[in-house]
Amino acid sequence: MTKHILWKDIWQAIGKSKGRFLSIAGLMAIGSFALVGLKVAGPDMRATGADYANRLNVADVTVIGDYGLDQSDQAKLKAVKGTSKVEYGYLKDVTIKGKTTSLRLFSKPSTISTYDVKAGRMPTAVNEVALDAEYQGQYKLGDTLRVTEKADATGAKVLRRTKFKIVGFVSSGEILSSVNMGETTAGTGELNGYAVILPSAFDSDVYMLARMRFTDLKTVDPYGNTYKDRLQTHKTAIDKALKTQPKNRLAQLQTEAETTIASNQAKLDAAAKKLSDTQAKLQAGRRQLDAGQAELTAKQKALTTQVTAAQKKLDDGAAQLKTAAAKLSAAKQQLAQADTKLRAGAQELATKRDELAKAEAKLATAQKQLTAAAAQLKTAKQQLTTGQQTIAKTQATLTSKKKQLTAANTQYKTGLAQLQAAVAQLEKQLAQSGLSATQQAQLTAQLKATQANLTATQQAYATFQSGTYDPGMAQIAAGTNQLAAAKSELAQKQKQYDASEARYQTQRTAYPQGKAKAATAQTQITQGAKTLAASQQLYEKNLATYNAGLKEYQAKTAELAQGKATLATQKQSGEAQLAAAKKTLASKEQTYKKGAADFAKQAPAARAEIKSGETKLVAAKKQVKQLALPTYTAYSRREMPGGIGYKTYTTVSEIIDALANVFPIFLYFVAALVTFTTMGRFVDEERINAGTLRALGYEPKDVTRKFTVYGFAASMLGTLIGVAAGHTLLPLIVYNAYSDGFTLPRITLAFHPWVTLAAIALALLSAVLPAYLSAKGELAANPAELLLPKPPVAGSKIFLERITPVWNHLSFTHKVTARNTFRYKKRMLMTIFGVAGAVALLLTGYSVRASIGGMSQTQFGGIIHYDMIVAKNSGLTSAETREFAKQAESDAIKSTKAIHYESLSKVAGKNNDSQAITLIVPQTTAKFEQYVETRNRKTQTALPLQSSGAIISERLANLVGAKVGDTISFKDASDVTRHVTISGITEMYMGHFMIMSRTAYEKAFATDYTTNGELVILKNRSQANVEAQAAKFMALSATAGVVQNTTLTNQIDTIVKSLNKIMLVLIIVAGLLGVVILYNLTNINVSERIRELSTIKVLGFFDNEVTMYIYRETILLTGIGILVGFGIGDVLFRYILAVVPPDEVMFNPALVGTSFLWPTLLIAVITAVLGWVVSRTLKNVDMLAALKSVD
Amino acid sequence: MSYIDVKHSTKRYQMGETEILANNDVSFQIEKGELAIILGASGAGKSTILNILGGMDTNSSGDVIIDGQNISHFSSRELTAYRRTDIGFVFQFYNLVPNLTAKENVELASEIVEGAQDPTQTLIDVGLAKRIDNFPAQLSGGEQQRVAIARAVAKNPKILLCDEPTGALDYETGKQVLQIIQDMARKHGSTVIVVTHNAAIAPIGDRVIHMRDAKVSQITQNTHPAAIENIEW
């Protein structure tokens, strides 16, 4: 029997009531989403963390010793039982060169705490580095990373190199946080990153840390209690194993140090000795050199003397020779003169003889010439006479010719003139009148003949003139000229003849005188020849004497030359010897000088070195004396330096767990309540249908099935959506909230069957069970009863009516509302609880957000006013103190206050973590409130420092459950347990603080008060400046460390951010819940009372009156629900404040106005919107249909 | 001109694909102070007329003039105001608000109009002096219907509309209720319209409008309406 129609009816019921179906589904979706989401997000986070830790084989315990781990330490650790592997490594904090960014350089591990390589690879060469993946944006693979290592107090460095090539980007399994990695001694005091290099890049005798893994911890959940318990056991074992090590190590270190000091002292002494030896040697060398120089000078002198003497002798010889040579030369000259004279005499004689011969020849010639000249003169006299005759003849010819010509010419002229006169006569006659024609013709013919005669005569004259007269005249002129020339020539010849005549006469007289002179000359020549012969004889005698002198001179000259040569040779050899000696000396001098220079150059450095060595030795001796017992600390993953991320991550996951225990239960309770009511109403509505089915013979279970199937379908649909979203959406939202602060891989989404089953069970419980129960209750009646309408809920007086004064003052409509409100008690409670639930969740959400939101502002704006604590090293030199004071008084710093600063610890909290407490003891209490304002949170009254007891921060007091007046114990920096009475509990939100007066400190710690740090307030308080100033302090050797406020803020920030986002999700969920609840309740209210509403509509109520008739109740109940919600929300908030905050954080428990305002506003808006929806629905309701039907 | 004048009023319903004519060209007049009976079998369209007259529904065509006002063109709000001031309803199933006492149910109506009667006096008038503070569940059917009548008349409506007022009542109680309704016309001068399928009631009216198949089949006027005690069914 398939009962198709029955199933059809069921599906139709769903289709017809989509609003109800969806609201049940929605309620279940919201409930299961919150439940599943919050329940799985924490485990998912931890699973992700555990997987990551397992993959990278992160150490369970990390042991760090103050002075490193030597072989005896290693032996002790090796002996610890249960270890699966122990690995040692190095680390060193450095800064990136030129920046304040600090990096922790780890040696590359082989198996424990390996790295997740994000890009590139791990280093394989000593010059390679794998850098924190957070720096991937700033550096590329292949870039060079230069770091600066600060030397430690003894001046030692542990890095062999400071330049590395980046070959990879990695994430650490130990340092999970990217915002807070803990403290460092480099940079600003806050660690900014890490990097991995090969162990061989470290130069250290001891390892710096030991990483240990334990066999029995490998397979258990690292966040579970089993792990924590076992780990504690192992840590205790390690502590026990290392118990004697501090003393041994100190003793050993001291011995070592003393040996080193002694050997260093010896080395220094040796160096000093060497220095003085060298100096002595140099001095001796100087002396030798000086002696050599003296000897050389003496030798030089002797040589010079010898040479001078020899030279003088030579010079004398030379002088004598010179005199001789002069004499010889004079003799020679005389000889030459004599010779010349002789030759001149002979020559003169010869000349005179020649002259005589010539004069005789001349005389003969002159005789001849005289004769010739006389002949010539006679000829010339004849020529002259002839010439004169010719000239006279020519003259006569010419004169006759001229006369002829002139006569002819005159004849012509006369003829012409006669002819012309005849012509003129004829013309004159012609011109006379009265002439007869014959006369005239006669006259004319006469004239014509005369004129022709004239013309012929003229022509003949012209021919005469040109042909005869003119050439004749020219010939005459030329002849005249020639004649003149011949005359002058003749005159010239006459003159020459006269001169020659005169000369001949002179020469004829001079000839006899010449004959006389020639006779005289002959006599003189004879005389001269005789004198010459005598002179020749004398000359030859003198020549012989001279030649003899010359010979002697030449011999002596040769002798002198030899002497000179000998001297030169001797001088040369002497000088050569001297030069050699000089050279030797010079080279020796140079050697000496070089030695001296070297010495001069090296000696100061060497002396300085020796001096600094001595200073160092003194310091070292002091240090050895001051060497404190080293502490060996075994850190868990949560506790190790840089492990704050691990702790914070765990905290975030635990916060979600804590929320998971409250929110979903509350949500489910409310959702279930509403679902229950809704299903009940559904059964009521289907009453007559059910009766009909029963009447038709269907079994009660068939009828019930409709409701259970409906409930099942709606709740399962919602639950599946919620489970799916809870498994994915919420963990992803949580991941998104914290991912910025961590380097962990993306959250792993796992399926959690138990939570899913729980969600399904709860859904069945809140949707199917009430359906079944309601249906069963209804069906208990027989079918006939079922077919009748259910009697309406009877009216009754309500309690309020008994308070007559109040009741009478209510308007009618308000009375109606009041009565109606109490008439449907189930719905009233449901509305109140539903709204209250939503409001409570909203209030909690907003309160948590408000309380964490203002936390750092209150703490660092109202309580802590200093910007940083600067801790100083002990045993500072005066130079270091001065340097520190200079920085502390620099312009950037507003004020400082000297304090004693110490990091205390106390084991407290749910994880039994060691809580770090910052102890601040001001030197004087004056103006201390300008640095730290200790005050009671509730009353805001200041808490002054007492002369005994300590003021502790509120969270610490809560954690250890201490009140004012109680005594608490804690461990000081040297692990010594101390006790102190609490004199006050101050408002403080982040970190644990203990603040005492100087006297109280001395009492509690049984020690003298010393300052070791400064509270610093900066003028410019920006984060950047705080970091810059922190870096400046860190750079000083006097500074041990800097604690910045941002360290605390950053640490909390991740948690706050994650919590904030989760709260936002919860607020949204609570808001949705509010919407669904109010929608559902309003719907039920309307449908249940549709008849009543139709009635008043028919009665003429306006639309808004109709709406308010029913909605006034909703508003009232919502109002009550909000108030109740405030109460519940406060309780929830307190619960969250108790379980959620991490150990070192206190959420501000004060509730703020806005936390109340927002939920109220939100619900008010939802109510108003739904009111509008209801109003629309009622407007369109068919009042007639409702009134007609019988139910 | 008559007090109520319905002219050619037609009402159509669209039921899926088919059109239903609930009133087909209905016309009649009722004078002020008359007790009119609209008589007809189930589905004859009498309730539709009543709803249109009461301002709970509007006709598709034709005019409905009440005291000179044509309500067939009224807006939803005007109709509500019309119901509020001019109309009193009595239903077959009383439709009292169960959570309110008898007096409060009357007040529910009297609160919203000016010049309403005193609710208590109204209840006394309908003979429920002793039941004033009782809840509907504590009242018999006749008493509940009397509360309903009290609620309808308390606001001094121009017209009192009664839809099968005796339909859920036994004979005696029905007669009592009818008596009260008749008295409203006779003694208080109200214009009363009673819709019924019970022909036995017809003689008590001044005017009887017979409905058949969505039309007015006949209008009869009784110059001497019968007394309640004289009718039987």
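What follows is a friendly chat about a predicted model with chains A and B.

Reader: Hi! Let's start with chain A. Which stretches does UniProt list as "transmembrane region"?

Author: Hello! The UniProt entry, which is unreviewed, lists residues 21-38, 658-679, 709-734, 754-773, 828-848, 1062-1081, 1115-1136 and 1156-1174 of chain A under that name.

Reader: What does the chain look like over residues 21-38, helix or strand?

Author: Residues 21-38 of chain A are 100% helix and 0% strand, with 25 Å between the end C-alpha atoms.

Reader: And how far apart are the end C-alpha atoms over residues 828-848?

Author: There the end C-alpha atoms are 29 Å apart, and that stretch of chain A is also 100% helix and 0% strand.

Reader: Okay, helix packing next. At what angle do α2 and α11 of chain A cross?

Author: Roughly 150°, with the axes of α2 (residues 18-55) and α11 (residues 753-779) coming within 10 Å. Angles over 145 degrees count as roughly antiparallel, so α2(A) is roughly antiparallel to α11(A). The crossing of α2(A) past α11(A) is right-handed.

Reader: Which residues make that contact?

Author: From α2(A) come A:I24, A:M28, A:G31, A:S32, A:L35, A:V36, A:K39 and A:V40. On the α11(A) side you will find A:V755, A:T756, A:A759, A:L762, A:A763 and A:A767.

Reader: How does the contact of α2(A) with α11(A) divide by class?

Author: Ten residues are nonpolar, three are polar and one is charged.

Reader: What about α15 and α24 in chain A, at what angle do they pack?

Author: About 65°, and the axes of α15(A) and α24(A) (residues 1103-1139) are 9 Å apart. That makes α15(A) roughly perpendicular to α24(A). The crossing of these two is right-handed.

Reader: Which residues meet there?

Author: A:T817, A:N820 and A:T821 in α15(A) meet A:R1112, A:E1113, A:L1116 and A:L1117 in α24(A). By class, that contact has two nonpolar, three polar and two charged residues.

Reader: Now the two chains together. How many residues does each give to the contact?

Author: Chain A gives 23 residues and chain B gives 22. In chain A, α15 (812-823), α23 (1090-1098) and α26 (1183-1188) each supply at least two residues of the side that touches chain B. That side of chain A has 14 nonpolar, five polar and four charged residues.

Reader: Let's hop over to chain B. What is the strand order in the six-stranded sheet?

Author: The order is β6-β7-β8-β3-β9-β10, in an open sheet with mixed pairing. Its edge strands are β6 (87-90) and β10 (215-221), each pairing on one side only. On average, neighbouring strands are turned by 20° against each other, direction ignored.

Reader: Which helix packs on it?

Author: Helix α5 (residues 141-153) of chain B packs on the sheet and touches β6 and β7 (159-163), its direction making about 175° with that of β6(B).

Reader: Do β3 and β8 run parallel or antiparallel?

Author: Parallel: β3 (residues 35-40) and β8 (residues 191-196) of chain B pair over five bridges. B:L39 stands opposite B:T196 in β8(B).

Reader: And what about β1 and β4 of chain B, parallel or antiparallel?

Author: β1 (residues 4-15) and β4 (residues 61-66) run antiparallel, joined by five bridges. Among the facing residues, B:V6 stands opposite B:V64 in β4(B).

Reader: Last one: which residue has a positive phi in the hairpin of β4(B) and β5(B)?

Author: B:D67, with phi near 45°, in a hairpin with two residues between the strands. β4(B) and β5(B) (residues 69-70) are antiparallel, with two bridges, and B:I65 has B:N70 as its bridge partner in β5(B).

Key. Residues numbered from 1 in each chain as written. Chains lettered and ligands numbered in written order. Predicted model: local features only at pLDDT ≥ 70, side-chain atom pairs only at ≥ 80, totals over all residues. Axes fitted to C-alpha atoms, helices over the stretch in contact; angles between N-to-C directions. Helix = DSSP H or I, 4+ residues; strand = E, 2+ residues; numbered from the N terminus. Parallel < 35°, antiparallel > 145°, perpendicular 65-115°, else oblique. Left-handed = near helix turned anticlockwise from the far one by under 90°. Contact = placed C-beta atoms within 7 Å. Nonpolar A, V, L, I, M, F, W, Y, C, P; charged D, E, K, R; others polar. UniProt positions renumbered as here; feature names shortened; annotations may be inferred. Pairing = 2+ DSSP bridges.
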